[in-house]
Amino acid sequence: MSRATSTRSRSTVPLRVQNATFLGPAVLIVGVLLLVPFVLTTYQSLTADNGLEPATFIGFDNYAALMRDAGFLHSLLNTVLWTAGAVLLPASVGLAIATFTRPLRFGRIFQLVFIVPYALSGVATGTIWSFLLSTEGSINAILGEMGLGELARGWLLTWPTNTLVMIGVYVWQVSGVAVILYLVGLDSVPRETVEAGQLDGARGASLFWHIIFPQLRAITVVVVGISLTNGLRVFDLIWVLTGGGPGQVSEALAVTMYRRTFVLGDYGVGSAVAVILTVIVVITSWIYLRAQMPRRRQA
């Protein structure tokens, strides 16, 4: 009798109240850990604050100064390059490796070569490649031994070479997760659809692009989404390899934010860079997800 009464009392609780009970703690945690710091950072970006004297409200002067700062605009350009490389290359490399090594007898060994670097931190990856890419490093030494000494250069000393090389290092590090996800996706493709395509005369590239790849859409959405956000906020690899230099030519927005805030002690401008970066990440991610949702509903 009491159990039936308890069941009836629970059923009378509105569904919205039940949902709010479960979601409330999570929303509270997100609000405290994310939204509150963002609001405080936004306010600080509207002040002149050097950490030594009381902050002075100056409105949007910090943002106006950034728009006139050639170093910041160059950092913004580097962020665009990083985002393009981080979105296109890991997904493409991961898909190629997963597709071509999957049927091979020793394919797992080749896959492991690309998966292991993903377990390394950005600092460890940067340290390894800083030795390889230095002027007296292994890469230039190998080129010299092969009679290709004219190709040797200071890989991290000039722009845009340093930015492109760091993007390549980043792709080497993170392609492993794309390999793993695409291997899972390829294993989940129903064999019946592949056999049906073969019966219709599809072979090789035609079979892959028209039958297999469309069934990997969900995996591609995840891989590109992860790459998009990571590419926009890359920091550790750049800081270890070049420190944003020479000068500021290899800085991305995350590095600019760190340097302005913790190296130069200009907390107002650093907060402004942080707000701009956050807005770019949120808007870009929102546009990407909105572009994918209608397609998924139609599918």
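Gly 94 sits in helix H4, which runs over residues 70-101. This is a predicted model, so everything below is about computed coordinates. Is Gly 94 buried or exposed? Its relative accessibility is 0%, and the cut-off for buried is under 20%, so Gly 94 counts as buried. Leaving out neighbours within four places in sequence, the residues in contact with Gly 94 are Leu 89, Ser 175, Ala 178, Val 179 and Tyr 182. Gln 111 is 17 residues away from Gly 94 along the chain, and the two C-alpha atoms are separated by 9.4 Å.

Ala 98 is in helix H4 too. With a relative accessible area of 0%, Ala 98 is buried. Which residues does Ala 98 touch, if you set aside those within four places in sequence? The list is Val 179, Tyr 182, Leu 183 and Leu 186. Val 179 and Tyr 182 also turn up among the contacts of Gly 94.

## How H5 meets H8

Now for a helix pair. Two packed helices are described by the angle between their axes and the distance between the axes. For H5 (residues 107-115) and H8 (residues 161-188), the axes come within 7 Å and cross at roughly 135 degrees. Angles from 65 to 115 degrees count as roughly perpendicular and those over 145 as roughly antiparallel, and H5 and H8 are therefore oblique to each other. On the H5 side, the contact is made by Gln 111, Phe 114 and Ile 115. H8 brings Trp 172, Gly 176, Val 179, Ile 180 and Leu 183. Sorted by class, the contact has six nonpolar residues, two polar ones and no charged ones.

## Two cis prolines

The bond from Trp 159 to Pro 160 is cis, with omega near 10 degrees. Pro 246 lies in the loop between helix H12 (236-241) and helix H13 (253-263). Here the cis bond runs from Gly 245 to Pro 246, with omega near -5 degrees.

## Domains and record annotations

The protein chain is split into domain 1 (16-45) and domain 2 (70-292). Their C-alpha centres lie 31 Å apart. How many residues are in contact between them? Five residues of domain 1 are in contact with seven residues of domain 2.

An unreviewed UniProt entry lists residues 76-288 as "domain: ABC transmembrane type-1". In the model, that span is 73% helix and 0% strand, and its end C-alpha atoms lie 19 Å apart. UniProt (unreviewed entry) also gives "transmembrane region" at several stretches, among them 112-132 and 164-186. Residues 112-132 are 71% helix and 0% strand, with end C-alpha atoms 21 Å apart. Residues 164-186 come out as 100% helix and 0% strand, and the end C-alpha atoms are 30 Å apart.

## A few other spots

Asn 62 lies in helix H3 (residues 61-67). At 7% relative accessibility, Asn 62 counts as buried. Beyond residues up to four places away in sequence, Asn 62 touches Ser 45, Leu 46, Thr 47, Gly 268, Val 269 and Ala 272. Over in helix H11 (residues 217-232) is Val 221, which is buried with a relative accessible area of 12%. Val 17 is 204 residues from Val 221 in sequence and 33 Å away in space, C-alpha to C-alpha.

Ser 130 belongs to helix H6 (residues 122-133). Its relative accessible area is 23%, so Ser 130 is partly exposed. Ser 130 and Leu 237 are 107 residues apart in sequence, with their C-alpha atoms 9.9 Å apart in space.

Notes
Residues numbered from 1 in each chain as written. Predicted model: local features only at pLDDT ≥ 70, side-chain atom pairs only at ≥ 80, totals over all residues. Heavy atoms only, no water. Axes fitted to C-alpha atoms, helices over the stretch in contact; angles between N-to-C directions. Helix = DSSP H or I, 4+ residues; strand = E, 2+ residues; numbered from the N terminus. Parallel < 35°, antiparallel > 145°, perpendicular 65-115°, else oblique. Contact = heavy atoms within 4.5 Å. Nonpolar A, V, L, I, M, F, W, Y, C, P; charged D, E, K, R; others polar. UniProt positions renumbered as here; feature names shortened; annotations may be inferred. Buried < 20%, exposed > 50% of the residue type's maximum accessible area, 1.4 Å probe, protein only. Domains from an automatic or database assignment.
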